[in-house]
Amino acid sequence: MFSNKTIDRLDEMLDEAMSGKFCESNYDESKLSRIESRWKAFLGTSVLSNQNLEAERHRLEEFISDISHQTKTPMTNIKMYTELLYEEARMLNDPKVPEEDVAASARKILKYAEKIKNQNQRLEFLVDSLTKLSRLENGTLEIVAKPSDVNELISEAVAIAKPKAVIKNVELVVSESTYKENQTASFDMKWTQEALSNVLDNAVKYSPEGGKVTVSITDTEMYLAIHVVDEGKGISEEESARIFGRFYRSSGNQQVEGVGIGLYLTREILSKEDGYIKVIPNDKREGGEFILYLRK
């Protein structure tokens with residue numbers, strides 16, 4: 001049976017644990033001392049678990065807040081244009097409205113319908129991006145890096161970016177020295193294509209009309225580096241440390257359509273493949289340059 005001294009110490013240990021003041025006494029080979037040691041280890045594990053739960057709760061709160069903020073604008077715009085559409089439709093059904101006003105209402109209806117379509121596409125893109133983001137952060141998105149064809153990666157990503165480049169009259173060029181026979185690296189083809197497409201999409205988006213985006217490759221001892229260079233205004237040294245943050249958008253680019261998730265997703269995808277991405281600040285070169293490093 002336990003002695004009174006042992007019971008008193010166990011009682012004291014519980015009181016100290018509940019108050020957060022537990023401290024192991026001098027260790028010896030006794031059973032009580034071993035219990036104290038294990039009790040301390042248990043409390044340490046519990047504290048760490050609670051800290052992780054608190055961090056996860058805080059992250060979830062931030063994520064929900066971000067979703068609310070990001071979806072508010074397109075949903076508000078859809079509501080506004082729907083109401084305007086409804087008003088114009090009422091005019092079309094009113095026999096007292098002059099014919100020229102009916103024609104004007106018809107044009108407005110087409111305009112508002114196009115606005116609703118654009119906002120709906122933005123909302124769909126946002127929800128899709130948020131879903132990918134959530135899966136990445138929760139570890140439920142499986143990224144499997146294996147030896148893959150870099151030429152195929154670049155060709156597919158460029159093909160995805162091409163339509164937007166054509167619409168904006170931006171020349172999308174792959175350097176002649178880029179494609180080489182049997183050029184491989186370790187990455188997940190599907191998700192790395194997503195990562196590179198995000199960077200190319202940004203390059204086209206922030207390039208001036210009539211500008212050029214160039215894709216090239218350099219080879220290092222450990223990595224194969226894909227360079228994406230545009231003729232936009234580039235990224236400042238100050239912003240280069242922040243642009244890969246979730247939902248970050250430069251104050252000078254607020255007029256450009258976007259939600260600030262693409263580069264964050266790109267960084268997370270590459271990180272899970274033992275790769276990384278960096279940006280060359282515009283004080284070191286004209287235009288923007290992003291470099292995606294794929295592990296060889």
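Me: Where does Asn182 lie?
Reply: Strands (E, at least two residues) and helices (H or I, at least four) are DSSP runs, numbered from the N terminus. Asn182 belongs to the loop between strand S2 (171-174) and strand S3 (184-187). This is a predicted model, in which local features need pLDDT of at least 70, side-chain atom pairs count only at pLDDT 80 or more, and totals for chains, interfaces and linings use all residues. Residues are numbered from 1 along each chain as its sequence is written, and side-chain values use heavy atoms, with hydrogens and water left out.

Me: Is Asn182 buried or exposed?
Reply: Buried means under 20% relative accessible area, exposed over 50%, and partly exposed in between (1.4 Å probe, protein chains only). Asn182 has a relative accessibility of 68%, and therefore it counts as exposed.

Me: What is the phi of Asp274, and where is Asp274 found?
Reply: Asp274 is found in the loop between helix H6 (262-271) and strand S6 (276-280). Although Asp274 is not a glycine, its phi is positive, at about 70 degrees.

Me: Why does the span of helix H5 agree with its number of residues?
Reply: The expected span of a helix is 1.5 Å times one less than its number of residues. H5 (residues 189-205) has 17 residues, so it should span 24 Å.

Me: Which residue caps the N-terminal end of H5?
Reply: A polar contact is a pair of N or O atoms within 3.5 Å; within protein, one must be able to donate a hydrogen and the other to accept it, and residues adjacent in sequence count only if both atoms are side-chain atoms. Here a side-chain oxygen lies 3.1 Å from the backbone nitrogen of Lys190, and the residue that supplies this oxygen is Asp188.

Me: How many residues of strand S5 are buried?
Reply: In a regular strand the side chains alternate between the two faces of the sheet. On one side of S5, Tyr223, Ala225, His227 and Val229 are buried, and on the other Leu224, Ile226 and Val228 are buried. For S5 (residues 223-229) the count is 7 of 7.

Me: Which residue in S7 is the bridge partner of Tyr223?
Reply: Two strands pair if DSSP finds at least two bridges between them. S5 and strand S7 (residues 289-295) run antiparallel and are joined by 7 bridges. The partner of Tyr223 in S7 is Arg295.
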